[in-house]
Amino acid sequence: MAHTAVFLMNLGGPRSLAEVEPYLYELFSDPLLISAPFGPLRPLIAKLIAKTRAPSSAEKYALIGGRSPIVEGTEAQARALAAALGSGWSCHLAMRCGHPNTEEGVREALAAGADRAVALPLYPQYANATTRSSLLELRRRWPKDRPLAEICSWHDHEGYLDASAAAVRETMERVPVPDRARILVVFSAHGLPMSQVRKGDPYPGYIEHSARETARRAGAPAMQVTYQSRVGPTRWLGPDTVEFLEANARDRVIVAVPIAFVSEHLETLYDLDILAKAAAEKGGARGFHRVPALGTRPDFV
């Protein structure tokens, strides 16, 4: 009987504070993840950046429990998906940075007897920095004589949009009825340097589609797309989530949606739950609610 391995691919995260610096090194070593003209000096510069940024990054991880929960969250998704797929399938993690990495995931799948595979990037919206980087790494690691099917972008998949809308609707229903007309649903996605957008990366258009369709299906009274997690001095996609909330949250009830993330990690637990919430309060919001990442919701799985 054929055995198909499904690789759940994500960026990954440090599983302890000790893994923060090596994780950052891997992150800045990938020219697709961090586009900068480092050239042959990239390993050296990546090492320097990782060492410099590690203390401040570790402080952020300390605030959310001393680690990124993305690995255990993705493991839970793998178990749920394997149960839904049934016999003849197995699910394996393939993190782009950190562990378990793609090489480890492939080794595990082959040991389980897999003779073909499906690449499932857990980034709903394709971007070169995330989806393409993960797919290229799996192509390097998976045996060339065994079939590999690749899922590319699923920003417009009906099941994803319906699950996303249901999660937004459930959060909006927690807002007191008199305040519901004041709801502003803010779809916050990981940012991207404008240099990549100008090269034709489709990511911003995919984010807009996912956000508009989710808002429409959820019955959101008003919506806005923003971008978070900017790195460095270069121009990135905007508006910036924190800056937008400080300037536009007055008398609104903010419902923040991590539209580009299907797992909880630093970008949801710190950037949204701490930074964005503080920005909304500073901007005079009547309330702040964050929609949970889709995780292992049955409608998403």
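This is a predicted model: local features need pLDDT of at least 70, side-chain atom pairs count only at pLDDT 80 or more; totals for chains, interfaces and linings use all residues.
1. **Helices α1 and α2: geometry.** Helix α1 covers residues 20–29 and helix α2 covers residues 42–63. Their axes come within 7 Å. The crossing angle is roughly 135°. The two helices are therefore oblique to each other. The α1/α2 crossing is right-handed.

2. **Helices α1 and α2: contact residues.** On the α1 side, the contact uses Val20, Glu21, Tyr23, Leu24, Tyr25, Phe28 and Ser29. On the α2 side, the residues include Arg42, Pro43, Ala46, Lys47, Ile49 and Ala50. Further along α2, Lys51, Arg53, Ala54, Ser57, Ala58 and Tyr61 also take part. By class, the contact has 12 nonpolar, two polar and five charged residues.

3. **Helices α9 and α11: geometry.** Helix α9 runs over residues 241–248, and helix α11 over residues 271–282. Here the axes come within 6 Å and cross at roughly 25°. Angles under 35 degrees count as roughly parallel. α9 and α11 are therefore roughly parallel to each other. Their crossing is right-handed.

4. **Helices α9 and α11: contact residues.** α9 contributes Thr241, Val242, Leu245 and Glu246. α11 contributes Leu272, Leu275, Ala276, Ala279, Ala280 and Lys282.

5. **Aromatic pair Phe7 and Trp142.** The structure holds three aromatic pairs. One of them joins phenylalanine 7 and tryptophan 142. The ring centres are 5.7 Å apart, with 70° between the planes. That pair is edge-to-face. Phenylalanine 7 sits in strand β1 (residues 4–10), whereas tryptophan 142 sits in the loop between α5 (128–141) and β4 (148–150). The pair therefore ties together parts that are 135 residues apart in sequence. Both residues, phenylalanine 7 and tryptophan 142, are buried.

6. **Aromatic pair Trp154 and Phe300.** Tryptophan 154 and phenylalanine 300 also pair. The centre-to-centre distance is 6.0 Å and the planes are 35° apart, a tilted arrangement. Tryptophan 154 belongs to the loop between β4 and α6 (158–172). Phenylalanine 300 belongs to the segment after β8 (287–290). The parts tied together by this pair are thus 146 residues apart in sequence. Tryptophan 154 and phenylalanine 300 are buried. Ring pairs also bring in Tyr160, giving a cluster of Trp154, Tyr160 and Phe300.

7. **Tyrosine 123.** Tyrosine 123 lies in the loop between β3 (116–121) and α5. Is this residue, tyrosine 123, buried or exposed? Buried means under 20% relative accessible area. Tyrosine 123 has 6%, so it is buried. Setting aside residues up to four places away in sequence, tyrosine 123 touches Met9, Asn10, Leu11, Arg96, Thr130, Thr131, Ser134 and Trp154. Trp154, one of these neighbours, is also a member of the ring cluster. The C-alpha atoms of tyrosine 123 and valine 262 are separated by 7.5 Å. Those two residues are 139 residues apart along the chain.

8. **Glutamate 19.** Glutamate 19 is in the loop between β1 and α1. The relative accessible area of glutamate 19 is 19%. With the cut-off for buried at under 20%, glutamate 19 therefore counts as buried. Not counting residues up to four places away in sequence, glutamate 19 touches Gly13 and Pro14.

Definitions and conventions
Residues are numbered from 1 along each chain as its sequence is written. Side-chain values use heavy atoms; hydrogens and water are left out. Axes are lines fitted to C-alpha atoms, for helices over the stretch in contact, and angles run from 0 to 180 degrees between N-to-C directions. Helices (H or I, at least four residues) and strands (E, at least two) are DSSP runs, numbered from the N terminus. Angles under 35 degrees count as roughly parallel, over 145 as roughly antiparallel, 65 to 115 as roughly perpendicular and the rest as oblique. A crossing is left-handed if the near helix is turned anticlockwise from the far one by less than a right angle, and right-handed if clockwise. Contact means heavy atoms within 4.5 Å. Ala, Val, Leu, Ile, Met, Phe, Trp, Tyr, Cys and Pro count as nonpolar, Asp, Glu, Lys and Arg as charged, and the others, Gly among them, as polar. Rings of Phe, Tyr and Trp (its six-membered ring) pair if their centres lie within 6.5 Å; planes under 30 degrees apart count as stacked, over 60 as edge-to-face and the rest as tilted. Buried means under 20% relative accessible area, exposed over 50%, partly exposed in between (1.4 Å probe, protein chains only).
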